[in-house]
Amino acid sequence: MEKLKKNMVFYLILLIDFYIIPFLIKDTGSAMILMLVIIPLICLITSIFYGRRNGFDFWYILSVAIIFAPSIFIFYNSSAWVYVVGYAVIALFGNLIGLPLRKR
């Protein structure tokens, strides 16, 4: 529970990323920009800072996938399931990028 409280800001940013930003989708073009650029970029940056602060954390990567999954039913269709894996991989890369930048 202590670790969750310490890292709550990262999870809040992901919640905003996955559940508030999709409200900006107006048409197919904006959906492509948001789904393929903006949302993954925010996820990557958040994961880099998480990795910098906490080092490698498998549970964070799993949390990213779990946090995103319900948004499929809210904003997208069943073809968006691939993004669960995609965002988990992005979180993995971000976490690994932040690892050598970690303050000891």
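**Serine contacts, a bent helix and a nonpolar patch**

Reader: What does the side chain of Ser71 reach, and at what distance?
Author: The side chain of Ser71 comes to 2.6 Å from the backbone oxygen of Phe68. Please keep in mind that this is a predicted model, and that Ser71 itself belongs to helix 4.

Reader: And is Ser71 buried or exposed?
Author: Ser71 is buried, because its relative accessible area is 0%, and buried here means under 20%.

Reader: What about Ala80, buried or exposed?
Author: Ala80 is placed in the loop between helix 4 and helix 5, and it counts as buried, since its relative accessibility is 4%. Its C-alpha atom is separated by 9.1 Å from that of Ala69, which is eleven residues away along the chain.

Reader: Let me switch to helix 3. How many residues does it have, and what does it span?
Author: Helix 3 covers residues 28–54, that is 27 residues, and the span from its first C-alpha to its last is 37 Å, close to the 39 Å expected at 1.5 Å a residue.

Reader: Where does helix 3 bend?
Author: The bend is at Leu34, and it amounts to about 40°.

Reader: And what is found at the start of helix 3, and just after it?
Author: At the start of helix 3, a side-chain oxygen of Asp27 reaches to within 3.3 Å of the backbone nitrogen of Gly29. Just after the helix comes Gly55, which takes a positive phi of about 80°.

Reader: Which residues form the nonpolar patch on the surface?
Author: The patch is formed by Phe56, Phe58, Trp59, Leu62, Ile66, Val85, Val89, Phe93, Leu96, Ile97, Leu99 and Leu101, and together these residues have about 1100 Å² of accessible area.

Reader: Which helices supply it, and which one gives the largest share?
Author: Helix 4 (58–75) and helix 5 (81–98) each supply at least two residues of the patch, and the largest share, five residues, comes from helix 5.

Reader: Last topic, Phe10: which helix is it in, and is it buried or exposed?
Author: Phe10 is in helix 2, which covers residues 8–19, and with a relative accessible area of 7% it is buried.

Reader: How far apart are Phe10 and Met35?
Author: Phe10 and Met35 are 25 residues apart in sequence, and their C-alpha atoms are 19 Å apart in space.

Terms used
Residues are numbered from 1 along each chain as its sequence is written. This is a predicted model: local features need pLDDT of at least 70, side-chain atom pairs count only at pLDDT 80 or more; totals for chains, interfaces and linings use all residues. Side-chain values use heavy atoms; hydrogens and water are left out. Helices (H or I, at least four residues) and strands (E, at least two) are DSSP runs, numbered from the N terminus. The expected span of a helix is 1.5 Å times one less than its number of residues. The bend at a residue is the angle between axes fitted to the seven residues ending there and the seven starting there. A polar contact is a pair of N or O atoms within 3.5 Å; within protein, one must be able to donate a hydrogen and the other to accept it, and residues adjacent in sequence count only if both atoms are side-chain atoms. Patches are made of residues with over 30% relative accessible area and no salt bridge: like charges are joined within 9 Å, nonpolar side chains (Val, Leu, Ile, Met, Phe, Trp, Tyr) within 5 Å. Accessible areas come from the Shrake-Rupley method with a 1.4 Å probe; for residues, only the protein chains shown count as cover. A salt bridge is a side-chain nitrogen of Lys or Arg within 4 Å of a carboxyl oxygen of Asp or Glu. Buried means under 20% relative accessible area, exposed over 50%, partly exposed in between (1.4 Å probe, protein chains only).
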